[in-house]
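This report looks at how two chains meet and at one residue beside that meeting place. Please read it with the structure in view.

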Amino acid sequence: MHDDDDHHHHHHAGHDHPHPPAQKDHDAAPMGAYEVLEEAVRSLLIEKGILTSGEIAAAVDLMDSRSPALGAKVVARAWVDAAFKKRLIKDTRAALLELGIDIGTIAEFSTVENTPQVHNVIVCTLCSCYPKMLLGIPPAWYKSLAYRSRTVVDPRGVLAEFGVELGREVAVRVHDSTADLRYIVLPMRPKATRGWSEDQLAAIVTRDCMIGTALPTVPSRPARRAAR
Amino acid sequence: MVSAAGSFSRPPRFKPGDRVSVPARAALGHCRTPWYVRGKPGVVAAVHGSFRDPERLAYHRPGLPAQVLYKVRFRQLDVWPSYLAGQADHIEVDIYEPWLEPQP
């Protein structure tokens, strides 16, 4: 006898209700026009010897290596090292290079600092420009027409929907990245983080904190215990 | 390659603090000056450097001469007369020099 019961079970012997697969196959649906176009352009570039598949794979890997965790490290460093913070705001490209992060040549970067007087939020009304070389692929909502249009007209309303309620004593500064610069927000370090290590600090810096649609929060002790 | 930030192909026409306005003209084809700031007054907040001209780059041209790019700060109340929230709220937009005029 063999002991592969699970295997047998998944053949749905005796079942009259087939389960849907846990996850749809990526290529189950017919290709859309843009997918066809991408494949055609990609194969032509390879056939003509302009790019190799290896180079394309390397570019995808490079993009995958960028994520909000990388940005969080930069913020944590700025929080513990005032001189680094100064350099980051003055010349973001050079400061990131100090940490081994090369942002490439597609765009320049600029860091905007939140203060008790000013809260910054980033948007791209014309398309969906985003500091990808630091934070990776943007969230889907960042590219939505609703976020892109409403953030410039009613930033406080949009922020409130993200759970960020700002008093009138704080000026809201929206940055529309219309051109060759990509913006990242340097959030304020919460007071309750005195003595924390850089790793602990980085853990509370989320992607949205660096877009300006969230503030870093310190979990309260009971919540931490509940989260285990 | 794009000129690095802070480098200029020719001297910038405006400096930080200058009061400028965006012409209310239309553009044919690709343009990176949003409609909502056309005809609006603002202040130069920073001079970013020279960058290749997107209005030419979009049509497979080299994008030269490079254009000086500015960060322009607009009061929300100037951009949206019905803006209800804080008087000190601003929106900053990166705008190329051909799209800026000195404020009279």
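## Two chains and their contact

In this predicted model, chain A is divided into domain 1 (33–64) and domain 2 (68–222). The centres of these two domains of chain A, taken over C-alpha atoms, are separated by 31 Å.

How many residues of chain B are in contact with chain A? There are 20 residues of chain B, and they are in contact with 19 residues of chain A. On the side of chain B that touches chain A, the elements giving two or more residues are strand 2 (41–51) and strand 4 (90–96) of chain B. Strand 4 of chain B gives the most, with six residues. The make-up of this side of chain B is set out below.

| Kind of residue | Residues on the side of chain B that touches chain A |
|---|---|
| Nonpolar | 13 residues |
| Polar | three residues |

Within strand 4 of chain B, B:Val93 stands opposite A:Asp176.

Both B:Val93 and A:Asp176 are also in contact with B:Pro34. B:Pro34 lies in the loop between strand 1 (19–21) and strand 2 of chain B. Leaving aside neighbours within four places in sequence, B:Pro34 is also in contact with A:Thr125, A:Leu126 and A:Thr178.

Is B:Pro34 buried or partly exposed? B:Pro34 counts as partly exposed because it has 17 C-beta neighbours inside 10 Å, while a buried residue needs 20 or more. B:Pro34 and B:Gln67 are 33 residues apart along the chain, and their C-alpha atoms are separated by 17 Å.

Notes
Residues are numbered from 1 along each chain as its sequence is written. Chains are lettered from A and ligands numbered from 1 in the order in which they are written. This is a predicted model: local features need pLDDT of at least 70, side-chain atom pairs count only at pLDDT 80 or more; totals for chains, interfaces and linings use all residues. Two residues are in contact if their C-beta atoms, placed from the backbone, lie within 7 Å. Helices (H or I, at least four residues) and strands (E, at least two) are DSSP runs, numbered from the N terminus. Ala, Val, Leu, Ile, Met, Phe, Trp, Tyr, Cys and Pro count as nonpolar, Asp, Glu, Lys and Arg as charged, and the others, Gly among them, as polar. Two strands pair if DSSP finds at least two bridges between them. Domain bounds come from an automatic or database domain assignment. A residue is buried if 20 or more other C-beta atoms lie within 10 Å of its own, exposed if 12 or fewer, and partly exposed in between; C-beta atoms are placed from the backbone.
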